[in-house]
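This briefing goes through a predicted model, topic by topic. Please keep the structure at hand while reading the points that follow.

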Amino acid sequence: MKTIEELNPKDQIILMRVDYNVPLKDGQITDDLRIRASLPTINYLLENGAKKIVLISHLGRPEGKENPEFSLTPIAEALKNLLNGQTIDFKPLPKPGEKIASPAKILLLENLRFDPGEEANNPDFIKNIIDSVGAEAFIQDGFAVVHRAHASTDAVKNFLPIYTGLLLEKEIENLSKVLKNPEHPVLLIIGGSKVEDKQPLIDKFTTIADHILVGGKIAADGYKPENDKIIVAEDFDEDGEKNKLDIGPVSTAEFAKYIEEAKTIIWNGVMGKVEDPAFTTASSIIADAIGKNTQATTIICGGDTTGFVENYLKDHQDLKYSLISTGGGAALEFLLGKKLPGITD
């Protein structure tokens, strides 16, 4: 794929796939990371004279039907605020053969998954969107969806020249660095609850990492390492019913020491039941230690982990990370070396 720097967007209508699949509560956005992550590419196109930017995204799982619960209306409002009052037009998905006219520089279309053609990778569906807005080039900047063979990630390649957006470039650059030429010591930190989801990553990194730290429910449930690189948390904080809901101070201190010495760090999976404030201690200490290791390449990936770190940053803005990935499954599949339809033929 060509990069956005190889595109001259001046006077062109650009179709741009973003990932605005943000968490909502009572119709309000609770974490706008993915919206903010799209702004560098949008601003780049505006600054370089794009005639119009047509943004397309999905939200949730409406199963191919219109559902107000999954409307992108709150995203349109958030974009207006984040783009300092830039006019944003918001339109329904076009009907077959329909032309969409809009005077605004930025047009956001309604949830792609309101039509079954998106997830079915139907070329007619995406071709109709292209024709309806008169798009001349396509920018893929929705890293979180590039592992899906959907119309807006795969079939679109049949109709328009494709370019990577700045977010996609940043994700690929940092994740590739970990796989191809990481600076040692390399440290993988694994948490969360489902060992079946994490084991492939652990297996992959036994040949890359110098150390692999395992916490979270996986450790609490008695994970047995099969490699001497793997260090599993051994002490835990418990609730009144003796449930192990966070790794304890001894293991947390040991993990923090490895973090201080590492030159490449990948963190996937929180250390405890972080939705309960009483069990955020270990994850907070680890987030702090990683954010203070400015000599290392530091990658945070996985939805629960990135969400936790984003919230932690609100009160700890001095911390720095090389990449807080917007891609949950996409980041993991990239690290595992799997083919991603949205960025490969």
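Ile266 of strand β15 has Ile299 in β16 as its bridge partner, and the two strands pair in the parallel sense over 4 bridges. Between them the chain passes through helix α8 (residues 281-292), making a β-α-β crossover from β15 to β16 that is right-handed.

- Strand β15, which covers residues 264-268, is mostly covered, with 5 of its 5 residues buried.
- In a regular strand, side chains alternate between the two faces of the sheet.

**Thr297 in strand β16**

- Thr297 is found in strand β16, which spans residues 297-300, and it counts as buried because its relative accessibility is 15%, under the 20% that sets the limit for buried residues.

- Strand β10 is largely enclosed by the rest of the structure, because 5 of its 5 residues are buried.

**The six-stranded sheet**

- The strands discussed above belong to an open sheet of 6 strands, which has the order β12-β11-β10-β15-β16-β17 and parallel pairing.
- At the edges stand β12 (230-232) and β17 (323-324), and because each has a single partner strand, one side of each is left without a neighbour in the sheet.
- Strand β11 (residues 211-214) pairs with β12 in the parallel sense over 3 bridges, and the bridge partner of Ile212 in β12 is Ile230.
- Helix α7, made up of residues 249-261, packs on this sheet and touches β10, β11, β12 and β15, while its direction makes about 150° with that of β11.

- Asp318 lies in the loop between α9 (303-313) and β17, and its relative accessible area of 55% makes it exposed.
- The C-alpha atom of Asp318 is separated by 30 Å from that of Val145, a residue 173 places away along the chain.

**The seven-stranded sheet**

- A further open sheet consists of 7 strands in the order β1-β9-β8-β2-β5-β7-β6, again with parallel pairing.
- The edges of this sheet are β1 (2-3) and β6 (88-91), each of which has a single partner strand, so one side of each is left without a neighbour in the sheet.
- Strand β6 runs parallel to strand β7 (residues 106-109) and is joined to it by 4 bridges, with Phe90 standing opposite Leu108 in β7.
- Helix α1 lies across β2 (13-17), β5 (52-56), β7 and β8 (137-140), and runs at about 175° to β2.
- Helix α3 (residues 123-133) also packs on the sheet, where it touches β2, β5 and β7, and its direction makes about 145° with that of β2.

**The helix pair α1 and α2**

- The axes of helix α1 (residues 33-47) and helix α2 (residues 73-82) come within 11 Å and cross at roughly 55°, an angle that makes α1 oblique to α2.
- The crossing of these two helices, α1 and α2, is right-handed.
- Where the helices meet, α1 contributes Ile35, Arg36, Leu39 and Ile42, and α2 contributes Ile75, Ala78, Leu79 and Leu82.

Notes: Residues numbered from 1 in each chain as written. Predicted model: local features only at pLDDT ≥ 70, side-chain atom pairs only at ≥ 80, totals over all residues. Heavy atoms only, no water. Buried < 20%, exposed > 50% of the residue type's maximum accessible area, 1.4 Å probe, protein only. Pairing = 2+ DSSP bridges. Right-handed = clockwise from strand over helix to strand, strands pointing away. Contact = heavy atoms within 4.5 Å. Axes fitted to C-alpha atoms, helices over the stretch in contact; angles between N-to-C directions. Parallel < 35°, antiparallel > 145°, perpendicular 65-115°, else oblique. Left-handed = near helix turned anticlockwise from the far one by under 90°.
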